Amino acid sequence: MIRHIVIFQLEGFASEAEKTQSLECIKSELEALPKEIQALHTLKVSFNANPAEPQSFMLEATVSNWEDLKAYSNHPSHLRIVKEKINPFRKGRVAIDIEE
């Protein structure tokens with residue numbers, strides 16, 4: 001089992017309302033991916049609750065193996081969300097993959 005954890009820092013929103021709306025949209029679309037991508041067992045998005053920290057959200061996904069992680073990472077639906085919803089606001093990204 002591979003646990004894929006990614007932390008994103010987003011910025012450049014016109015308002016707090018736009019930020020909240022964008023984050024909710026990202027969460028909804030990412031969390032729907034396990035229904036669409038067979039290789040993906042689970043995917044959960046959590047928002048940073050600490051205003052003193054600049055990170056915006058964390059994604060935690062589980063897959064069976066490295067091939068499944070690649071399949072998820074390269075899936076067109078995943079790539080569309082990254083390109084359209086995350087990258088326009090992305091300031092930073094940190095990822096770690098844990099083999100269990």
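Here are some friendly notes on the predicted model shown above.

1. **Ground rules.** In this predicted model, local features need pLDDT of at least 70 and side-chain atom pairs count only at pLDDT 80 or more, while totals for chains, interfaces and linings use all residues. Residues are numbered from 1 along each chain as its sequence is written, and side-chain values use heavy atoms, with hydrogens and water left out.

2. **Overall fold.** The protein chain has four helices and four strands, and from the N terminus they run β-α-α-β-β-α-α-β. The radius of gyration is 13 Å, close to the 13 Å that the globule rule gives for 100 residues, so the chain is as compact as a globular protein of that length. Helices (H or I, at least four residues) and strands (E, at least two) are DSSP runs, numbered from the N terminus; the radius is taken over C-alpha atoms, and the rule is 2.2 Å times the number of residues to the power 0.38.

3. **Inside the chain.** Buried residues make up 35% of the 100 residues. Buried means under 20% relative accessible area, exposed over 50%, and partly exposed in between (1.4 Å probe, protein chains only). Among contacts with a separation of 6 or more, 70% come from residues 24 or more positions apart; a contact means heavy atoms within 4.5 Å.

4. **Salt bridges.** The count comes to seven salt bridges, each a side-chain nitrogen of Lys or Arg within 4 Å of a carboxyl oxygen of Asp or Glu.

5. **Strand to strand.** One of the salt bridges pairs arginine 3 with glutamate 60, with the closest N and O atoms 3.0 Å apart. This pair links distant parts of the chain: arginine 3 sits in strand E1 (residues 2-10) and glutamate 60 in strand E3 (residues 57-63), 57 residues apart. Arginine 3 is partly exposed at 23% relative accessibility, and glutamate 60 is partly exposed at 23%.

6. **Loop to strand.** Glutamate 11 and lysine 91 meet in a salt bridge (3.8 Å, N to O). Glutamate 11 lies in the loop between E1 and helix H1 (16-31) and lysine 91 in strand E4 (residues 90-99), so the pair ties together parts 80 residues apart in sequence. Lysine 91 counts as exposed because its relative accessibility is 53%.

7. **Helix to helix.** Arginine 80 and glutamate 29 form a salt bridge (2.9 Å, N to O). Arginine 80 belongs to helix H4 (residues 76-86) and glutamate 29 to helix H1, so this pair ties together parts 51 residues apart in sequence. Salt bridges that share partners join Glu29, Arg80, Glu84 and Lys85 into one network.
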